[in-house]
Amino acid sequence: MLNCEETSRLVSEGLDRDLSLAERLSLKFHLSMCAACRNLKRQMNILRQVTSFYTQADLELPKNPKKGDLDADEDVR
Amino acid sequence: MTDNPQPGAKGQTLLQDSAYLSEIRPDMLKFATLQLSDSHQAEDAVQEAFIGALKNADSFANKAALKTWVFAILKYKIADILRFRQKQDEHLVKSDDEEGNFDDLFNQRGHWHKQSRPGKWGDPESAFQQGQFWQIFDACLNHLPDKQSRIFAMREFIGLSSEEICKETELSTTNVNVILHRARMGLRQCLDKNWFGKAETLC
């Protein structure tokens, strides 16, 4: 049976590869009993959302706030 | 393309439009600097991305597509530089942060210490709208050990699969998995401490 540390590892690997059936079952079993690891899993998913949002380069919010202010931008080559 | 007879001219005009450049350049520079932790290399990468984009500007009729394209090129440049670096410090590759331990998070039986149990995070969508959140996220990324942040960037920002990372870095799959796991655990802990978990402490 998985402990929380092993669970956290599987949750992370689940973001990088398809888990085997056995892995998925033991993960599911542990998560059904452990609120902390359920929260962890949700946080890992949020982290992925954060990074994908981040890479879309929509960081500076609100967007294009004051175009005029950028006129003086030092070295647009 | 058929509905736009002269996409080339339009794309070129856009790229040469300094207002448009100054609009996306800071984002690109910030992104590149974060990935590379080196402002000179970041400058170079951004510059090369612009040059690369100019060559192909013909095929783009609108800003959004052009921006995506310029960023795609930038990501390639960054991946190149990261790969090159990774080769250079292969000797460092088998360093501490592969084994590192989670003693501060888990007890000997591998269960969460009471004080480190993950709690509920509030609404992430609303966090995304706040500049301060992104500052904290930047800071958290920068606090990761160097190798963790590089591998994490290759996986999550550049979008390489773990197999591709293995090939590029000559790390084993297990090592890549361990490093990604550590990076994610570190980031979530940092975000928890500085943003999501700030409102309340778990009993």
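Reply: Here is the core, then the chain around it and the side facing the other chain.

This is a predicted model, in which local features need pLDDT of at least 70 and side-chain atom pairs count only at pLDDT 80 or more, while totals for chains, interfaces and linings use all residues. Residues are numbered from 1 along each chain as its sequence is written, and chains are lettered from A and ligands numbered from 1 in the order in which they are written.

The largest nonpolar core has 47 residues. Such a core is a set of buried Ala, Val, Leu, Ile, Met, Phe, Trp, Tyr and Cys residues joined through C-beta atoms within 7 Å. Buried means 20 or more other C-beta atoms within 10 Å of the residue's own, with C-beta atoms placed from the backbone. Ala32(B), Ala45(B), Ala49(B), Leu74(B) and Ile151(B) touch the most other members. Chain A elements giving two or more residues are α1 (4-13) and α3 (35-55). The top contributor is α9(B), with eight residues. Domain 1 (7-88) and domain 2 (90-196) of chain B both supply residues, so the core lies between them; the bounds come from an automatic or database domain assignment.

Look at Ala49(B). Leaving out residues up to four places away in sequence, Ala49(B) touches Met28(B), Val70(B), Ile73(B), Leu74(B) and Lys77(B). Contact means C-beta atoms, placed from the backbone, within 7 Å.

Now the setting. Chain B has nine helices and zero strands, taken as DSSP runs (helices H or I, at least four residues; strands E, at least two) numbered from the N terminus. Buried residues are 33% of its 203. Across the interface, 38 residues of chain B contact 34 of chain A. On that side of chain B, α2(B) gives the most, with eight residues.

Methods: Contact = placed C-beta atoms within 7 Å. Buried ≥ 20, exposed ≤ 12 C-beta atoms within 10 Å, placed from the backbone.
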